[in-house]
Amino acid sequence: MSAIELLDEEQISLARECFSIHAPTGMLKKEKLSTVLLSLNVNPTPQEIESLSHGAEELSLPAFLEVLAKCPGPFQAREDILDAFRAHDTAGSGKISHADLRYILTNLGDGLTPKEVDGLLTGKSDPIDYEDFVDDVLA
């Protein structure tokens, strides 16, 4: 299975549009790859870009779509985040307590500050529907 198959029609359409703006000749120069990926809310490291582009100096649209599909970004991030919440949702209810959410957000990954978490939880019911929460944060 091609990595491109992981992208839906909307993602491919957005990617094509960004590609065409930055690659009017049909070939995207590697030095513009990071800019185009950032415009799609994908922020790979320089090492990831080098690895995913296989060192190519220019990328065609299909090669660019392959890189995009393999990049860790919001397309994959949503499911990764939901998986973290599901691990704490022992009842399988789709909800998580503010206390558990606070723990996850301050202690896992690049943890948020307590003040940042307070801002995210303001006005949210307890327990919180974590799928809605993730969609709100990623919007």
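## Helices and strands

The protein has eight helices and four strands. This is a predicted model. Read from the N terminus, the elements follow the order α-β-α-α-β-α-α-β-α-α-β-α. The radius of gyration is 18 Å, well over the 14 Å that the globule rule gives for 139 residues, so the protein is more spread out than a compact globule.

Taken along the principal axes, the box filled by the C-alpha atoms is roughly 50 × 30 × 25 Å.

## Two helices that cross

Two packed helices are described by the angle between their axes and the distance between the axes. Take helix α1, residues 9–22, and helix α2, residues 30–39. Their axes come within 10 Å. They cross at roughly 145°, and the crossing is right-handed.

Which residues of α1 and α2 meet? From α1 come Cys18, Phe19 and His22. From α2 come Lys32, Thr35, Val36 and Ser39. By class, this contact has three nonpolar residues, three polar residues and one charged residue.

## The largest pocket

Rolling a probe the size of a water molecule over the atoms shows where empty space is left. In this model, the largest pocket holds about 450 Å³ of space. It is lined by 15 residues. Closest to the pocket centre are Ile81, Leu105, Leu108, Leu112 and Val137.

Which helix gives the most to this lining? The answer is α8, with four residues. Helix α5 (74–88), helix α6 (98–107) and helix α8 (130–138) each supply at least two residues of the lining. What classes of residue line the pocket? Twelve are nonpolar, two are polar and one is charged.

## Two backbone details

Most residues other than glycine have a negative phi, and most peptide bonds are trans. Two places in this chain deserve a look on that score.

Pro127 sits in the loop between α7 (114–121) and β4 (128–129). The other is Asn41. This residue is not a glycine, yet Asn41 has a positive phi of about 65°. Where is Asn41 placed? Asn41 lies in the loop between α2 and α3 (46–52).

Conventions:
Residues are numbered from 1 along each chain as its sequence is written. This is a predicted model: local features need pLDDT of at least 70, side-chain atom pairs count only at pLDDT 80 or more; totals for chains, interfaces and linings use all residues. Side-chain values use heavy atoms; hydrogens and water are left out. On a 1 Å grid over the protein atoms alone, a cavity is a set of points where a 1.4 Å probe fits but cannot get out, and a pocket is an open set with protein on both sides within 12 Å along at least five of seven lines; lining residues have an atom within 4 Å of a point. Grid points are joined across faces, edges and corners, and a volume is the space filled by probe spheres set on the points. Ala, Val, Leu, Ile, Met, Phe, Trp, Tyr, Cys and Pro count as nonpolar, Asp, Glu, Lys and Arg as charged, and the others, Gly among them, as polar. Axes are lines fitted to C-alpha atoms, for helices over the stretch in contact, and angles run from 0 to 180 degrees between N-to-C directions. A crossing is left-handed if the near helix is turned anticlockwise from the far one by less than a right angle, and right-handed if clockwise. Contact means heavy atoms within 4.5 Å. The radius of gyration is taken over C-alpha atoms; the globule rule is 2.2 Å times the number of residues to the power 0.38.
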